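Subject: Structure for your review: aromatic contacts

Dear colleague,

Please find below the structure that I am handing over to you. My notes on its aromatic contacts follow, and I would be grateful if you read them with the coordinates open.

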Amino acid sequence: MPQASKSCSPTKSLSITETINGSHRFTIQGYSLAKGIGIGKHIASENFTVGGYQWAIFFYPDGKNTEDNSSYVSVFIALASDGTDVRALFELTLIDQSGQGKHKVHSHFDRSLESGPYTLKYRGSMWGYKRFFRRAMLETSDFLKNDCLKIHCTVGVVVSAIDCSRLHPIKVPDSDIGSQFGLLLENEEFSDVTFDVSGEKFHAHKLVLAARSPIFERELLDAMEEENNEIVITDMEPKVFKALLHFIYKDTLIEDNELSPSSSSSMPSVSDTLAAKLLAAADRYDLPRLRLMCESVLCKDISVNSVANILSLADRYHAMDLKSICLRFAVENLKAVMHSDGFQHLKEHCPSLQSELLKTVAGCEEDKVGGSKSRTAWAQFSDGGDTNDRSVRQQAWENGAERSQGLWVQLDDGDANGSPRQED
């Protein structure tokens, strides 16, 4: 029985051909004195390097071709160093010195060449023009000024190579600075400050804390003035402070089952979760990234029963993204939310949030005016024929936000038959 053949992974390579470009400007001062030097004799520029080769500009005041009898000036670019079959593109420009920019340009660049780049076979090989410019016309033109000519030359040496960077990439591992700083925290090496949190001691490093939190920086400076290396914290649980230090050193959330209600078997209230308490700590110590992390955790637990409490937390601890999502969710599920226990607390203790919720409702109404949806947030309080609630809403907005409490009472009384939609 023949053995099954093994297939190898396909290989690939990439060759890139491009030009290495460089330029040189050659100024010829005393043109009138250079005339008469003789046909075939040139004035050379200094050598310049492009693409690993030396180059020079040759200017022939009496021309290079004896047949032209000095009627033309000649200009060439010469390979001035050792080389074999050097392929290149060239550009020669005689500069218009009147300032009008009407230069005389001979160029290989920016155009298709039928035979490809020019090949210089050995040292001394040249490319250029025997009849670059008629001498009589040159001497009466704007190219000659104060007995001076200026020639600009560009050379593009053609090179081909295998793209090593794409074929052999070097993978840079993810940063592990968080793990390294975490070891500092765990091993307590070089610690220089101690926190007493409800009797539990935490050792930390002043520089790390000060770099991460402006509030810690201020508190540590005050402690240094008092020559006190132990700071007592009485209004925070040890587990919350431990999670706070974990973030400060590792820039990640601590792995804990109490971060959110949905991950806990005992199902604590939202305000009792570690995420909520850590949100408060982030606000206290001005840690915006930690605040966003906590917002992300709490956002996953938004439901009809929890949205009012989460909204209250978001408002209290300046979690603006979370607050915006809570307001939108409450509007979309308004009838059910209004019958939750959390909403009753919101009405009694957070009148400003109640007003913001009303404004969000009104904003949604305006967004949907002229739209295709048949039932808006306000329409949830009516079966379609009763207009009393709509008139109450209009009157409340005309009389100002201070009427919002009475509005909610009337809306509650006007919806006795509906059953709220509950969410886990």
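The model is a predicted one, and it contains 11 aromatic pairs. One of them joins Trp55 and Phe90 in an edge-to-face arrangement, with 5.8 Å centre to centre and 70 degrees between the planes. Because Trp55 belongs to strand 4 (residues 53-60) and Phe90 to strand 6 (residues 86-94), this pair ties together parts that are 35 residues apart in sequence. Trp55 counts as buried, since its relative accessibility is 0%. Phe90 is buried as well, with a relative accessible area of 0%.

Phe90 also pairs with Trp127, and here the rings are stacked: the distance is 5.2 Å centre to centre, and the angle between the planes is 15 degrees. This pair, too, links distant parts of the chain, as Phe90 is in strand 6 and Trp127 in strand 9 (residues 126-134), 37 residues apart. Trp127 has a relative accessible area of 8% and is therefore buried, the cut-off being under 20%.

Trp55, Phe90 and Trp127 are members of one aromatic cluster, which also includes Tyr118, Tyr129 and Phe132.

Lys64 lies over the face of Phe76, 5.6 Å from the ring centre. In the other contact, Arg212 places its charged end over the ring of Phe247, at 4.9 Å from the centre of that ring.

Yours sincerely

Terms used:
Residues numbered from 1 in each chain as written. Predicted model: local features only at pLDDT ≥ 70, side-chain atom pairs only at ≥ 80, totals over all residues. Heavy atoms only, no water. Phe/Tyr/Trp six-rings, centres within 6.5 Å; stacked < 30°, edge-to-face > 60°. Helix = DSSP H or I, 4+ residues; strand = E, 2+ residues; numbered from the N terminus. Buried < 20%, exposed > 50% of the residue type's maximum accessible area, 1.4 Å probe, protein only. Lys NZ or Arg CZ within 6 Å of the ring centre and 35° of its normal.
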